[in-house]
There are 2 protein chains.
Amino acid sequence: MTDVAAFSFDKLVIFGVGLIGGSLARALRERSEVDGARTVIGVGRTAASTARALELGVIDSIASLDDDASLRTALAGADLVLLAAPVAQTQPLLERIAPFLDAATIVTDAGSTKSDVVAAARAALGGRVGQFVPGHPIAGRESSGVDAALPDLYVGRNVVLCALPENTPAAVEHVAAMWRATGASVHEMTPEQHDRVFASVSHLPHVLSFALVEQILNSPDAALKFSFAAGGFRDFTRIAASSPEMWRDVCVANRVALLDELDAYTAVLARLRAAIEASDGAALEAVFARSRVARTEWQAQRGTPANAAGDAAK
Amino acid sequence: MTDVAAFSFDKLVIFGVGLIGGSLARALRERSEVDGARTVIGVGRTAASTARALELGVIDSIASLDDDASLRTALAGADLVLLAAPVAQTQPLLERIAPFLDAATIVTDAGSTKSDVVAAARAALGGRVGQFVPGHPIAGRESSGVDAALPDLYVGRNVVLCALPENTPAAVEHVAAMWRATGASVHEMTPEQHDRVFASVSHLPHVLSFALVEQILNSPDAALKFSFAAGGFRDFTRIAASSPEMWRDVCVANRVALLDELDAYTAVLARLRAAIEASDGAALEAVFARSRVARTEWQAQRGTPANAAGDAAK
């Protein structure tokens, strides 16, 4: 991969060494396509998570967020910095990093929302925001944490980059080359496009799934209902086992786009409700048939990804 | 199984030899626990489906719905009749069968709704409705048709019977024994309880899943959205690939209970919408955390059923 060779990934600093950050480190170290990440430094919110990452060999050393000297040493000469923490932490993390950041270091992130991350980066980095290339790898698993990290998590997956006007083409290409080296396909969108697309196909389904479990919990015959729930319920609510903290942050961060999608969805539901109330079988069947065709075609075009069994979390 | 021996399943007539009816026939013939179903007669809407069932050895012969003599021969001395057709066909089927039904034959069904099936049975059978024991095996697969039928489809699954006041205990036990012989657990509910429970954990999720695909199809950037949809979307919309005809019938048949659940769900969504609009992270996290605990406990209690990979259709 010539574009990998053109950039250095020798020193990588990861804030948040869980599934996403840990899998990036493992991909860059373990995949034969790339000779990089000779030094990976992890910074975590809890000592336990970084200690575990060190124990697993995913990182080489740990830096402390609370210690200026440790942070300065970690960031000196870093080729790339990845933020893989909940999106609400983007601004405080960037503010903390800024004083120690070399001018040549590129920073990117893995957040599920982008407009808010761009605003946070502008607020934290000011005139140096060109060093920050916003990104979003579309990969998750039901399990989280560094123990779930895999070197091939990103193979065949999509990564969206939302390049800023302030980014140099070289900075964007540096991040793109890193993700391509993990086996991912890299796409560009504006932050607004990104947030609308993922509000629709990811954030809204999570809200809808959490809402169904909440509704059943609130009903007087909750236990009876749960005891007869079967495969349809299981698939529909698998994402209701996702991280409450992460999805709280996503909902707040992507509020505007999510409310638009939620309102459009509520309008479709109202239409279906009217058809059910009127026993309008033809109207219901038309919608169901259209949905079935679209869902079946989507599945056929998508094929089976490398981690089909494990990517339920996004 | 002593209760199996007490009842005869020697002659079985199945209306609708697809996944559900075919799997019952295969279970009664192929499972070593039961010595029954020496004669299985299939009646189908299309000649092709019954011909295929015959070719596969799932049934021994075919009777024609349009031919009085054929139907009379098929039903003479039948121990059990199973209706495994879309629920809207219950009344016309029972009206067609009634003139040829022996007084000792027990009729049951596999419909996903029960209040409407009970009304149809009363209308069609009148004073002989005691011969009809309403039932619902909670089992499905993404694939349908007799080729998907399995002898162990019902192992570890639930079957709900909604016994009528007119049913004798022996008639109910006959049907219960048949389902237990397939490896299923048999439960009793009233038709109203049944319809409320399945409106909540099955019918509503199907409507919500179809609605999400419909909403995306209606949006101007549908292609972009589908191209970035990943694992969360995949699981949430798996049931949107279900049969439009079956779900049209279910929605109309279970209209009253489904509208109640849909309205309760819409109220939960409105509450979440308000929290998102107010950036009330604490309120969102409380709901998400509660849902996650309930969903995780449900999965733990349920364990992994024998056909875990294949029961997405119900």
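Biologist: Two strands pair if DSSP finds at least two bridges between them, and what are helices and strands here?

Modeller: They're DSSP runs, numbered from the N terminus: H or I with at least four residues for helices, E with at least two for strands. This is a predicted model, where local features need pLDDT of at least 70 and side-chain atom pairs count only at pLDDT 80 or more, while totals for chains, interfaces and linings use all residues. Residues are numbered from 1 along each chain as its sequence is written, and chains are lettered from A and ligands numbered from 1 in the order in which they are written.

Biologist: Ok, which strand does β7 of chain B bridge to?

Modeller: β7(B), residues 135–137, runs antiparallel to β8(B), residues 158–161, with three bridges joining them. In that pair, B:Pro137 sits opposite B:Val159.

Biologist: And how does β8(B) run against β9(B), parallel or antiparallel?

Modeller: Parallel, with four bridges to β9(B), residues 185–188. There, B:Val159 faces B:Val186.

Biologist: What do β8(B), α7 and β9(B) make?

Modeller: A right-handed β-α-β unit, with α7(B) covering residues 169–181. Right-handed means that, with the strands pointing away from the viewer, the path from the first strand over the helix to the second runs clockwise.

Biologist: Switching to chain A: what order do the six strands of the open sheet take?

Modeller: β3-β2-β1-β4-β5-β6, with parallel pairing. β3 (61–62) and β6 (132–133) are the edge strands, each pairing on one side only. Five bridges join β1(A), residues 11–15, to β2(A), residues 39–43, and A:Lys11 stands opposite A:Thr39 there.

Biologist: How many residues of chain A are in contact with chain B?

Modeller: 77, against 77 of chain B, where contact means C-beta atoms, placed from the backbone, within 7 Å. α8(A) gives the largest share of chain A's side, 18 residues.

Biologist: What classes are those residues on chain A's side?

Modeller: 43 nonpolar, 17 polar and 17 charged. Nonpolar is Ala, Val, Leu, Ile, Met, Phe, Trp, Tyr, Cys and Pro, charged is Asp, Glu, Lys and Arg, and the others, Gly among them, are polar.

Biologist: Why do the copies meet through the same surface?

Modeller: Because 100% of chain A's interface residues are also interface residues in chain B.

Notes:
Two residues are in contact if their C-beta atoms, placed from the backbone, lie within 7 Å. Two strands pair if DSSP finds at least two bridges between them.
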